[in-house]
Amino acid sequence: MGELGGLQKYLYWSERRVLQWLEGSDIKIPKPSQQKLTTPNFGNFAPAIEISRPSCDVSKTKLAELFSRSLGKRIVSNLDSPAPIEFAQGVGSVLYGQFVSPDGEPLRALMYSRVEVENQDQVAVCLFGSMENLADFIADSEPVKKGWTASSAGDIELFLKTGEVDDGMYLDSVEDLAREAVKIACRQGETRPDRTDGYYRGFTYGETRDVAEWCAEIYWDVDLSETPCGPEEGHSRVLIGAPLWVRTPSLRSVYLYSEYTKREWQNISQDAQQVVRESFWKRLQGALRIMRK
């Protein structure tokens, strides 16, 4: 997947993971070049002096490009691909907040994206990362620290550290893990069942609409479509992993909830819903034209 064009704004960047992968794959990372500067020669008063200094560091975008190229076909953007998916990437809306303990203390950064695949199934991408890797302007926008928290947070945190689901207090299987991860990503912090919009949830920073480009390492790829309980929150497949980066070509697509009043947010949400309705009707009209042919 290519870049979105223009200067990339990184909302989340895990340099440690990216560099570890590149070094482990024996990928040579370009070193900062030496830049030579020579002062003017003013004869006997001030002879010319040559100064050598390193140029700017290798950019995040360059490292991301090397990372994606090194993975080749192992990184997929079609989330309808056969399981298991090891690395995934996509472009769309991303909700970002905090994954908190049962008493509301931040444990990790939490990112969630809902992806619709060709058969109209929904895939939940639930990503748990480091708070230190969030862009400063996001981490500095304090979310409301109240609302629903998950009793299973301790078990999920243990899984994120060990990579195993081992008869925890709340999680007994990978299916349990997937369902709890989706509930947390979609509903953690809500105070009323009819207020699932991220704006009304605690522990949630904001969202990036439509154009956010994300890339992640996937730990577990869980199919819920054939389970007795079926999909969770409408998701038939759940990907759980760690974000490598989330970026956008424009900060205008980033909405920090702390910057908007309820009235302002209602207007923004209504505009977004209108766009969704128009997009649906355009797709429907296109399908009808194909059927008539």
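User: Which residue in β9 is the bridge partner of Cys 215?
Analyst: Trp 245 is the bridge partner of Cys 215 in β9. This is a predicted model.

User: How many bridges link β8 and β9, and in what sense do they pair?
Analyst: There are ten bridges, and the two strands pair in the antiparallel sense.

User: What else is joined to β9, say β1 or β7?
Analyst: Strand β1, residues 9–13, runs antiparallel to β9 and is joined to it by four bridges. Lys 9 has Thr 248 as its partner there. Strand β7, residues 122–129, runs parallel to β9, with six bridges.

User: Is β9 mostly covered or mostly open?
Analyst: Mostly covered: 14 of the 14 residues in β9 (235–248) are buried.

User: Switching to β5. Why is it called largely enclosed?
Analyst: Because twelve of its 14 residues, in the stretch 87–100, are buried, β5 is largely enclosed by the rest of the structure.

User: Which way does β5 run against β8, and which way against β4?
Analyst: β5 and β8 run antiparallel, joined by ten bridges; Tyr 96 pairs with Gly 206 of β8. β4 and β5 run parallel, with two bridges, and Val 76 has Ala 88 as its partner in β5.

User: And β6?
Analyst: β6, residues 106–116, pairs with β5 in the antiparallel sense over six bridges. Leu 95 has Tyr 112 as its partner in β6.

User: What's in the turn between β5 and β6?
Analyst: The two strands form a hairpin with five residues between them, and Gly 104 in the turn has a positive phi of about 90°.

Note on methods: Residues are numbered from 1 along each chain as its sequence is written. This is a predicted model: local features need pLDDT of at least 70, side-chain atom pairs count only at pLDDT 80 or more; totals for chains, interfaces and linings use all residues. Side-chain values use heavy atoms; hydrogens and water are left out. Buried means under 20% relative accessible area, exposed over 50%, partly exposed in between (1.4 Å probe, protein chains only). Two strands pair if DSSP finds at least two bridges between them.
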